Amino acid sequence: MKNFFASLRGYLKQTDLTLLFLALITSFLGLVFIYSATRSYDTSKFIIVQGGAIFIGIFAFIMASLIDFENISRFWKVFFVFNLLFLASVFVLGEEGGTGNRSWIRFAGIGIQPAEFGKLIFIFTLSSHINQLKERINSIWSVIQLCLHGLITTAFVYLFSKDLGMAVSYLFIFAAMIFVSGISLKWIFAFLGVGAAGSPLVWKFLSKNQKDRILVILDPSINPARYYQTAQSKLALGAGQLYGSGFLQGRQTQFNKLPAKHTDSIFSVIGEEFGFIGCCVIMVLLALIILRIFRDSTKAGSNFGFLMCVGIGSMFMVQTIINIGLCVGLLPVIGLTLPFLSYGGSSIVTMFLAIGVVASFVMRQRPSWLRSGGNE
């Protein structure tokens, strides 16, 4: 028992409690916003699911922080193959949503989004792969391997689920990790050139629905129906002005004029009922979480840990930018959750699991209570 309490004290002392605390504050605020957004529905269902996901997420944080990921990084190829099969599983087991995406697998009413959890596996396998290549990372064969690693995984996300938003997040994570990997600038410029040259080909692969979602940002008259969510999101944000309409008082929110108000458009709910000040508070909280992760990346103590933390930080960053961007009308509606705030069990658990991974590397930056049996 004495060793248990010593280990507990050591854990609380060395894990990143600040990061966990920021995540918990943001998540509990998310419950408040989800309550408001779902008040006209069966709000108890949404609160129970989200609250349960937060509880599971806290457990996931603790478990992830106790794992030494560097010890299992040599098995990255096994995880890579598993992730591809996991991502492809939606083709057989997935359910198609109203937007044409096939992103979810449901068992007994419980939904799982493979691509959400797959992001962490992707970050793990890519970090391991980059770390394995190390000094020869700038050889042409190494560059080809890394490109295939990123493109094959992203292709599986898009081809099997048709989830453009998720595919974009994978590409952003890949780009961020490659940028900090030590790869030569000549290769980075080559990637940009190939990406620009290949964009017309990528455009041909997009469905008409996805093309319209992108084009209406430039010209709403192309498809007014596709612009409806963006228009309502902007109206809700504008109606909130500086201080907001008040909790449970937003007209767009409470009269169901705002689509996806508890998921994609949760930021617009915040803006309408809590105003510009409420939006700023949320953006500051998310910025602190992201900056804390990038700060922890510099303390990871290994190149592998640094890469994983950067990948996780970039995951939070791209979701925050795209979600807020779509609500203010600067980016197309491509369905990415706002970290810790949007409704979604898979998203919440993944976010807590991700910061647990970051905490794991923070705890192993120096001789740890874990390696000393808790007697320090």
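Me: Which residues of helix α11 are buried?

Reply: In helix α11, which spans residues 208–215, the buried residues are N209, Q210, D212 and R213, where buried means under 20% relative accessible area with a 1.4 Å probe and protein chains only. Helices here are DSSP runs of H or I with at least four residues, strands are runs of E with at least two, and both are numbered from the N terminus. This is a predicted model, in which local features need pLDDT of at least 70 and side-chain atom pairs count only at pLDDT 80 or more, while totals for chains, interfaces and linings use all residues. Residues are numbered from 1 along each chain as its sequence is written, and side-chain values use heavy atoms, with hydrogens and water left out.

Me: And what do the buried residues of α11 pack against?

Reply: They pack against α8, α9 (164–179) and α12 (224–240), with contact meaning heavy atoms within 4.5 Å.

Me: What about Q232, buried or exposed?

Reply: Q232, which is found in helix α12, has 11% relative accessibility and therefore counts as buried. Leaving aside residues up to four places away in sequence, Q232 touches Q252, K257, L258 and P259.

Me: Switching topic, how many cavities of 30 Å³ or more are there?

Reply: A search of the whole structure finds 1. A cavity is a set of points, on a 1 Å grid over the protein atoms alone, where a 1.4 Å probe fits but cannot get out, and its lining residues have an atom within 4 Å of a point. About 60 Å³ of space lies in the largest cavity, the volume being the space filled by probe spheres set on the points.

Me: Which elements give two or more residues to its lining?

Reply: Those are α7 (114–133) and α8 (140–161), and α8 provides the largest share, 3 residues. The lining residues include L87, V90, F156 and D163, and by class the lining has 6 nonpolar, 3 polar and 1 charged residues.

Me: Zooming out, how many helices and strands does the chain have?

Reply: The chain has 16 helices and 3 strands. Its radius of gyration is 21 Å, close to the 21 Å that the globule rule gives for 376 residues, so the chain is as compact as a globular protein of that length; the radius is taken over C-alpha atoms, and the rule is 2.2 Å times the number of residues to the power 0.38.

Me: What share of the chain is buried?

Reply: Buried residues make up 52% of the 376 residues.

Definitions and conventions:
On a 1 Å grid over the protein atoms alone, a cavity is a set of points where a 1.4 Å probe fits but cannot get out, and a pocket is an open set with protein on both sides within 12 Å along at least five of seven lines; lining residues have an atom within 4 Å of a point. Ala, Val, Leu, Ile, Met, Phe, Trp, Tyr, Cys and Pro count as nonpolar, Asp, Glu, Lys and Arg as charged, and the others, Gly among them, as polar. Buried means under 20% relative accessible area, exposed over 50%, partly exposed in between (1.4 Å probe, protein chains only).
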